[in-house]
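The sequence and the structure are shown first, and the notes are grouped by topic.

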2 protein chains.
Amino acid sequence: MAKKLVIVGGDAAGMSAAAQARRAAPQLKVVVLEKSAFASYGACGIPYYIAGDIESHEDLLALNPEQIAARGIDVRCLHEVREIRPGARAVSGQTRDGQSFSESYDYLVLATGGAARRPAWSGLGLERVFTLRNLEDGIALRSFIEREKPRRAVIIGAGFIGLEMTEAFARRGIEVTLLNRSECILGDFDREFAAPVLETLRHCGVEVVLGADVQGIEGTAARATAVQSSSGLHAADLVLVATGLEPGTDLARAAGLALGSSGAIRVDERMRTDRPGLYAAGDCIEVKHVVSGEKVHAPLALTANRTGRIAGDNIAAAALGRNSEQRFRGTAGTAITKVFDYALAQTGLSPMAAKRAGFDAVVFEHRSRSRASYYPGSKPLWIRIAVERRTRRLLGAQMLGEEGVCGRIDALATALFARMSVDEVHHLDLAYAPPFGPVYDAIVHVCGKAALEL
Amino acid sequence: MAKKLVIVGGDAAGMSAAAQARRAAPQLKVVVLEKSAFASYGACGIPYYIAGDIESHEDLLALNPEQIAARGIDVRCLHEVREIRPGARAVSGQTRDGQSFSESYDYLVLATGGAARRPAWSGLGLERVFTLRNLEDGIALRSFIEREKPRRAVIIGAGFIGLEMTEAFARRGIEVTLLNRSECILGDFDREFAAPVLETLRHCGVEVVLGADVQGIEGTAARATAVQSSSGLHAADLVLVATGLEPGTDLARAAGLALGSSGAIRVDERMRTDRPGLYAAGDCIEVKHVVSGEKVHAPLALTANRTGRIAGDNIAAAALGRNSEQRFRGTAGTAITKVFDYALAQTGLSPMAAKRAGFDAVVFEHRSRSRASYYPGSKPLWIRIAVERRTRRLLGAQMLGEEGVCGRIDALATALFARMSVDEVHHLDLAYAPPFGPVYDAIVHVCGKAALEL
């Protein structure tokens with residue numbers, strides 16, 4: 001009889017696992033249990049859907065129900081798994097309309113994603129207070145905006161979601177106050193390095209308050225009206241709490257699965273948990289960092305897709321009694337975001353993260369341009385790198401600019417996977433033509449500076 | 001007494017050598033002998049100067065005469081070296097106004113660059129026939145255009161200069177016919193892969209004739225009027241011969257220096273020729289290719305600047321009785337050019353070059369997009385890679401697109417320096433956000449396809 005794979009969660013990791021398992025072992029029965037109304041959508045597109053760049057939430061669906069069915073995947077939305085029983089190889093739960101269900105499995109993938117972190121503030125339960133994690137959240141938020149036409153929003157948290165939503169709200173004509181507890185945006189972009197972005201935000205009418213400790217959300221008649229922070233009272237008829245993402249480990253924890261030191265589910269490089277037949281993938285797991293070697297919770301879309309696919313491939317191979325070559329080779333935490341005209345990107349360890357991880361790190365910075373000095377339309381392109389003093393190894397980089405950021409951070413991510421020294425990066429043969437950069441590119445230049453001064 | 005460094009050629013390599021030698025050994029006397037009227041300019045900017053994007057040729061000067069003097073470099077323009085005598089450690093020549101000069105040296109750098117290749121066609125000596133190599137050529141061509149207002153140009157050769165000049169002429173309102181002997185542009189971009197660029201050229205009014213063997217240039221009253229090719233007679237009141245660059249080895253050859261199999265000057269990784277104290281750098285030398293390991297003539301701006309700097313650093317160290325760490329680590333032939341809205345880029349070995357170099361190469365191609373499918377404004381982004389069958393090693397890549405090409409080719413160049421397999425590239429952690437690409441980037445995707453199918 002055909003073996004059965006059950007997947008808890010129908011977003012990037014879960015659907016990647018489902019699709020890859022079916023591709024590699026077409027005889028597998030694959031059931032995806034998704035608690036929300038949507039499976040297989042591009043979660044990273046939600047801010048642009050809210051901004052109105054993307055007309056309909058349906059445009060975010062990677063596969064529509066017919067395409068999913070054509071791949072032989074049985075996706076059941078509005079099915080919330082509430083318990084997994086690894087010993088019995090079964091899961092059970094409830095549909096949104098209150099029906100109980102249970103499902104046995106030969107293989108299980110936990111792709112439970114992450115949950116928006118909700119700090120212990122008063123007023124979080126008020127109306128007009130939002131978090132943003134899945135497509136239902138996005139639809140609720142856009143429909144609130146279109147219905148209630150809020151004039152003033154307070155966004156708490158200047159991470160990826162906070163910054164992307166700042167732009168989305170501002171472009172919808174909403175006055176935005178962006179509060180951030182730390183003095184850095186996006187984790188480790190400090191005031192000095194992020195200056196052009198902070199300036200752009202202000203220029204676009206956004207009030208940015210760094211170092212603001214939120215104390216609570218105030219309201220009248222059950223509706224939020226303001227956010228109280230160490231920097232004052234910030235009036236709001238819309239509050240977005242964007243203080244980060246926690247791994248969704250409730251089910252795993254209740255079932256007694258091992259969690260790692262990061263708090264996320266512990267898996268090996270094939271995405272196996274410590275229980276037979278039980279895999280996990282996506283934003284709920286921890287993965288190895290290629291620079292520090294430590295296990296980290298790095299909830300990023302490519303890793304979610306990739307770990308899902310790896311889980312699916314290994315399950316298919318196990319079901320077929322074969323061996324899969326697919327292993328996870330590590331994250332560099334490579335990430336990029338657009339904030340108005342700017343791109344901010346990072347890979348590997350920031351200077352602060354390198355120090356936190358115990359490296360004797362030296363920091364080098366270079367303020368370059370995106371085109372040759374004499375070529376029209378050149379934009380700023382800033383780079384900052386962390387280098388290990390003794391080994392001269394590149395540990396990580398941060399970049400910002402209006403053009404040419406994404407690929408350059410990819411080149412540095414590649415250098416991190418190859419464990420290159422700054423001397424090696426300095427001597428790379430990179431592309432040059434006047435419309436694309438100076439002859440000594442920002443990457444080559446900053447590593448040359450490091451090679452010289454170390 | 002201070003030692004003396006003489007440099008023949010004041011463009012990228014020569015001036016880099018001069019500046020680095022003075023930085024590292026300030027007591028060195030440095031004399032640069034440049035046959036043209038200009039030293040230290042951005043030669044790659046000449047097409048944009050001719051197009052009119054750059055107002056004055058002075059904007060292309062990296063250092064003006066005062067800045068050069070401030071660095072303690074004695075630059076003598078209009079000084080053409082005609083002989084080097086390695087035994088006597090001396091050079092001699094003539095100024096443009098007919099004065100003889102000679103100069104002794106302790107160290108010599110030959111930075112004689114390259115010369116435009118001039119095939120054996122009739123009519124090459126006619127008026128209105130141009131080649132483009134140095135700033136004087138560029139000034140002559142722009143001034144001809146502004147004075148004579150040519151209506152129809154024929155460009156022979158669809159390499160970097162030919163394509164950049166096609167755009168420059170077209171944007172000046174000149175009707176352009178672009179003739180190319182091979183069926184590929186830029187060396188190895190075939191019709192199919194280059195289709196969007198060929199389409200854009202035609203859309204901009206350029207007549208592109210591939211596979212056209214030029215037989216000669218015709219003229220009346222000493223002026224070119226047409227180019228005769230295997231595809232017909234192409235009327236022209238301006239002809240640009242852009243059939244490639246030959247290494248400038250006349251002086252080296254006459255002095256009996258060893259040339260390599262590529263025909264360019266042979267140097268070691270410190271830029272030393274086979275004569276004591278005699279170095280060479282830039283477009284006149286051959287360098288090691290990181291993928292094939294062969295010595296190649298790869299006249300590119302970054303390599304010219306870099307080999308010049310390495311020569312200068314090693315000479316300074318030799319003069320100080322020290323050791324220099326600066327060695328050339330290889331070229332990947334990484335290059336990019338802009339053709340109207342498109343960027344075309346390559347690194348490493350193209351499929352054809354890989355086969356010519358004796359690799360058992362397999363080709364993979366992917367037609368991707370520059371942004372997530374649902375994100376507005378996405379452009380085509382095409383990639384083609386060559387992979388060694390047995391080792392699965394990436395050998396090279398070609399890309400084209402309207403955005404995001406430059407950094408991506410840099411990431412692949414980095415992978416080549418690290419000798420990565422397609423499996424390793426497939427598992428790189430690259431940056432993703434919807435405005436910058438799909439979650440599985442073109443690079444990751446095409447290497448995944450190769451990993452699966454090999």
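In chain B, Thr220(B) stands opposite Arg223(B) of strand S14. The model is predicted: local features need pLDDT of at least 70, side-chain atom pairs count only at pLDDT 80 or more, and totals for chains, interfaces and linings use all residues. Residues are numbered from 1 along each chain as its sequence is written, while chains are lettered from A and ligands numbered from 1 in the order in which they are written.

**The sheet in chain B**

- Strand S13(B) is joined to S14(B), residues 223–229, by six bridges, and the two run antiparallel. Strands (E, at least two residues) and helices (H or I, at least four) are DSSP runs numbered from the N terminus.
- These strands belong to an open sheet of three strands in the order S13-S14-S15, with antiparallel pairing; two strands pair if DSSP finds at least two bridges between them.
- The edges are S13(B) (214–220) and S15(B) (232–235), each of which pairs on one side only.
- On average, neighbouring strands of this sheet are turned by 30 degrees against each other, direction ignored.

**The contact between the chains**

- Chain A and chain B each give 52 residues to the contact, where two residues are in contact if their C-beta atoms, placed from the backbone, lie within 7 Å.
- On the side of chain A that touches chain B, helix H8 (301–319), strand S21 (335–339) and H10 each supply at least two residues.
- The largest share of that side, ten residues, comes from H10(A).
- By class, that side of chain A has 32 nonpolar, twelve polar and eight charged residues. Ala, Val, Leu, Ile, Met, Phe, Trp, Tyr, Cys and Pro count as nonpolar, Asp, Glu, Lys and Arg as charged, and the others, Gly among them, as polar.

**The H10 pair**

- H10(A) and H10(B), residues 405–417 in each chain, pack at an angle of about 10 degrees with their axes 6 Å apart. Axes are lines fitted to C-alpha atoms, for helices over the stretch in contact, and angles run from 0 to 180 degrees between N-to-C directions.
- The two helices are therefore roughly parallel to each other, a term for angles under 35 degrees.
- The contact of H10(A) with H10(B) has six nonpolar, four polar and four charged residues.

- The same surface serves both copies, as 100% of the contact residues of chain A recur in chain B.

Notes
Angles under 35 degrees count as roughly parallel, over 145 as roughly antiparallel, 65 to 115 as roughly perpendicular and the rest as oblique.
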